[in-house]
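Colleague: Before I set up any calculations, I would like to go through a few side chains with you, one at a time.

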Amino acid sequence: MSPRKSLVMGASGFLGSHVTRQLVERGDDVRVMLRPTSSTKGIDDLDVQRRIGSLTDDDAVRSTMADRDVVFYCVVDTRAMLPDPAPLLETNVEALRRVLAHAVAADLRKFVFLSTICTVGLSRAGRPATEETPFIRSATDGAYVRTRLAAEELVIDAARRRGLPAVVMCVSNTYGPRDWQPTPHGAVVARAASGTMRFYARGAAAEVVGIEDAARAMLLAAEHGRPGQRYIVSESFMDLRDILWTAADETGGRRPSVAVPMAMLYAGAYATVPVRALLPRKVTPFLDVVRLLDLTSPADHTKAVRELGWRPAPTTEAIRRAARFYVEHRPHES
């Protein structure tokens, strides 16, 4: 039996590199598509076919996707703090739009799309949110959330109206080793692990998942995911303080001890709004970032368990391994 032919787009990213690693370990024929400027530290030890090109190069995308069975699309710009949202729109929406056109024509067995827990609506009446919980749009949604919602809509539309066998994976904050760049939430854990973080947002919490478990969910979706469906990929809802203290305790670092009230963070963020109105492409959208910290709720991953056969391990262990990795390799200082 010939090996499955997989393509990972975004293989240089944290989750993309772990998806690539698990595909190689499984014995797939793996191809990756990378930008010329991509850091490949996360996959340099893997035997994969490398194709260099831009997502806006139609010929490169078409040829890279040719003869593949499954595409894992892990391309995302997560920089919610960018003053100018144009790069978010270009990467998260417009580049995806072009890729989907080629994917529809490629006769794929599955297109597994990396989305985010941020597109899942907030829980109500004390019940965890599910894939069916509606996202209530607001004028206060930040550029990152808006582009991720738009991206999901493009993928779901391609599945339902154009026949693309696409599955949407709503992945929460991922933790674990080999976060070389690192991710924004990983950088915070890295500071806690090194004992240099003193402050944290009181009351902030987030859905979390181990990076290996998130990658495993992506592979399972390629086998069992139903086209046009969304799956929550998250193990548990953790208080930010617990995340940071877990990391600090693992490495013997000093726990962050000063709890900053969310109201104070909002006050500081609102103070920047008039300045940002005058210099919209120069001033960081701090209010968007505070809302991302604050507007979270528990989510239910039962659908992924039932339909994909996914069984995540406790994320606390992944956070501990992440803390050890950051201290040993210090990628945040490179």
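Colleague: Which side chain of opposite charge is nearest to K110, and how many Å away is it?

Modeller: This is a predicted model, and in it K110 lies in strand β5, which covers residues 110-116. K110 is buried yet has no salt bridge, and a salt bridge would need a side-chain nitrogen within 4 Å of a carboxyl oxygen. The nearest side chain of opposite charge is E223, at 7.5 Å.

Colleague: Which backbone oxygen lies 2.9 Å from a polar atom of the side chain of K110?

Modeller: Leaving aside neighbours within four places in sequence, the contacts of K110 include D69, P165, A222, E223, H224 and G225. The backbone oxygen that lies 2.9 Å from a polar atom of the K110 side chain belongs to one of these residues, namely G225.

Colleague: Why does W245 count as partly exposed?

Modeller: W245 sits in helix α7, residues 240-251, and, apart from neighbours within four places in sequence, is in contact with R255 and P256. Buried would require under 20% relative accessible area and exposed over 50%. W245 counts as partly exposed because its relative accessibility is 21%.

Colleague: What accessible area do V275, L278 and L279 have together?

Modeller: L278 is found in helix α9, residues 273-278, and is exposed, with a relative accessible area of 72%. Together with V275 and L279, L278 forms a nonpolar patch on the surface, and the accessible area of the three is about 300 Å².

Key
Residues are numbered from 1 along each chain as its sequence is written. This is a predicted model: local features need pLDDT of at least 70, side-chain atom pairs count only at pLDDT 80 or more; totals for chains, interfaces and linings use all residues. Side-chain values use heavy atoms; hydrogens and water are left out. Helices (H or I, at least four residues) and strands (E, at least two) are DSSP runs, numbered from the N terminus. Buried means under 20% relative accessible area, exposed over 50%, partly exposed in between (1.4 Å probe, protein chains only). Lys and Arg count as positive and Asp and Glu as negative; His and the chain ends are not counted. A polar contact is a pair of N or O atoms within 3.5 Å; within protein, one must be able to donate a hydrogen and the other to accept it, and residues adjacent in sequence count only if both atoms are side-chain atoms. Contact means heavy atoms within 4.5 Å. Patches are made of residues with over 30% relative accessible area and no salt bridge: like charges are joined within 9 Å, nonpolar side chains (Val, Leu, Ile, Met, Phe, Trp, Tyr) within 5 Å. Accessible areas come from the Shrake-Rupley method with a 1.4 Å probe; for residues, only the protein chains shown count as cover.
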